[in-house]
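Let's take a friendly look at some aromatic rings and a sheet. The sequence and the structure come first.

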Amino acid sequence: MQIPIKHWIRRWKNMRLVTRLIIMNITLISIPLVISSWISSIGYSDSIQNNAGQYQADVVREFTSNLDAYMNELVLLSILPYQSPEMMEYLEHDKQDQVIDRYEDRLLLERFVRRIRVNGRVDIAGVALFTNHTHSSYVELPDSPGRFAESGDRERLLPVNTALSGKGYFVAPHAILSDNGTVYQVFSIARKIRSLDDGQELGTLVIDVPAEALTDRITHLAGSPTSLFAMMDQHKQLIYKSPSFPVEDATLQQYGGEGTLTIDSGRQSVLLTYQTSPVTHWTVLQAVPVAVLVQDARQVNRQMIWLGGICLIISVIVSIFHAMRITRPLSVLRDSMKLVERGEFDIALPVHQTDEIGHLSRTFNIMVSRLGSLTYRLYETEIREKNAQIASLQSQINPHFLYNTLGSISMYAELEGNREVVQMTNHLSALLRYSIGSDHSEVTIEQELEHVRGYLSIQRIRYDERLSYTIHADPLLLQHPIIRLTLQPLVENAIIHGLERGRGDIYIQIEVHRQNKQIQIDVIDNGPGMENEWIEEQHHHMEAGILPEGPGGHGLVNVHRRIALKYGNEYGITLHNRDEGGLQVIVTMPIVEVDHIEELKKGDTDHV
């Protein structure tokens, strides 16, 4: 898998500059454009769907509230017997099986039914009052005169599954046969009438309302061809359903309460909103196809795609033109350099611009002119003289000039948005100030650890994710003195052996703690470790103060000798191979007196 990646990286590096610029520009333009268009289309569609769902819920809630207000009028009508002492007395006498004057009874019942019919708010189709005895029950069917009930009227006017109680029970639309032979579609409210004295059942009042009063409201609500409605009663039986309602009856039966959700009906996705009335316990459902909701969103998305495509084409054309404009002078310069390589020095490039390429062309002309007028010996002498001047100038560079230069680099990198360069220059400036910016040979452990953190931050940027580290220190030891630049050579040694000479990633752990009345600092890495012969030889060099041959080991010897000369030969550095792999470098130092620490703090404050 790595070979193809390396192959493509090599091909990319060897590709012509103009081709790379065109590919990069097209990629940087097309990818954000496609991603932003895709996210915008999804967000726009979801927003429309959510808003439509909220609107549907409001519509269904408003319809249910209006329907409940209408049904509450029926509830008030159903309790009229309790407001009529004559009716309650009539029903009480019927409970005692007392037969009163049939004519007076008929007049009483007709007045009661007339009172229900003239309510002025609800269109009543029929009224029936069933008592405990058929001879005293009274019915007035649609478009038929009132009469005392006959055998079978109760079963004909009340469905079998009607669960009557002292509360109003709403019966879904059903068909009844009137005395005139006409079948009428009605829905009803039925209520048991109980005695106010002992609570015994006295009779049942049934009020029939034309079904059109309900269906007309639903039809008016479903005025839009894309908004479809259905209604179920408390037994999950269908009361009303739009002709093209997209959800099956069996699926509708599982919804009750209140909610909005998106379901897949098989043919299409549907946004379904439902709410159950607390008065009738009937459930109103509204369904709108999702495709209808997002139709406008799709139109907008298509317009965005067209606009994005046009912008992409224009950007590609501009990118190609710009890339050719940049690379054409470079190609001319490349061809001219090939001629100079063959020994032709009478070449002068035309300079028509003042940007970097124009500056490069002018510099090339100057270089060719000098190459053509000077001999090799004079050129070599001049180079040596310039090298000597550069070396002399470098030795005279003021550290403040370096700080200011690094600050300028950090500022320009910040403006260009290159955070890694900013971090590296800031850390490097801090390292320079720490290394040469103080007259004190000792610092606190806290300052030394901050210096190491800056150094590790630079190395981490250099080695990317291959380097990681942790630093743990006893807070009581942070203000104790330590020789300046004690830990950096140790950390540098771990990086050299772990990353530059080893393989894989390197993890460095620094621990500062108290051990046997001494300060012990452990620098631990997970590198390949060292051979025991090398460790013994390194210990010998550190004790004798001999710098080893070759590029490695100088820092360890210098740090050990500085500690030994400062605190005594019993302190310094020891090296150990860890059983789990890697090298452990242990630094031991004495714990100084408190007065010494306070003096060091004062000295650092004065320096700052």
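Buried here means under 20% relative accessible area. Keep in mind that this is a predicted model. With a relative accessible area of 17%, Y567 is therefore buried. Y571 counts as buried too, at 13% relative accessibility.

**Aromatic pairs**

A pair of aromatic rings is described by the distance of the centres and the angle of the planes. The structure holds five aromatic pairs, and two of them are set out here.

| Pair | Centre to centre | Angle between planes | Geometry |
|---|---|---|---|
| Y138 and F148 | 6.0 Å | 85° | edge-to-face |
| Y567 and Y571 | 6.5 Å | 80° | edge-to-face |

Y138 lies in strand β2 (residues 138-140) and F148 in strand β3 (residues 147-148), so this pair ties together parts that are ten residues apart in sequence. Both Y138 and F148 are buried. Elsewhere, one aromatic cluster is formed by F170, F187 and W282.

**The sheet**

Which order do the strands of the open sheet follow? The six strands run β3-β2-β1-β6-β5-β4, with antiparallel pairing. Strands β3 and β4 (169-177) stand at the edges with a single partner strand each, so one side of each is left without a neighbour in the sheet.

Strand β1 (residues 126-131) pairs with β2 in the antiparallel sense, over three bridges. Opposite V127 stands E140 in β2.

What lies across β4, β5 (183-194) and β6 (201-210)? That is helix α6 (residues 212-221), which runs at about 45° to β6.

Key: Residues numbered from 1 in each chain as written. Predicted model: local features only at pLDDT ≥ 70, side-chain atom pairs only at ≥ 80, totals over all residues. Heavy atoms only, no water. Phe/Tyr/Trp six-rings, centres within 6.5 Å; stacked < 30°, edge-to-face > 60°. Helix = DSSP H or I, 4+ residues; strand = E, 2+ residues; numbered from the N terminus. Buried < 20%, exposed > 50% of the residue type's maximum accessible area, 1.4 Å probe, protein only. Pairing = 2+ DSSP bridges. Contact = heavy atoms within 4.5 Å. Axes fitted to C-alpha atoms, helices over the stretch in contact; angles between N-to-C directions.
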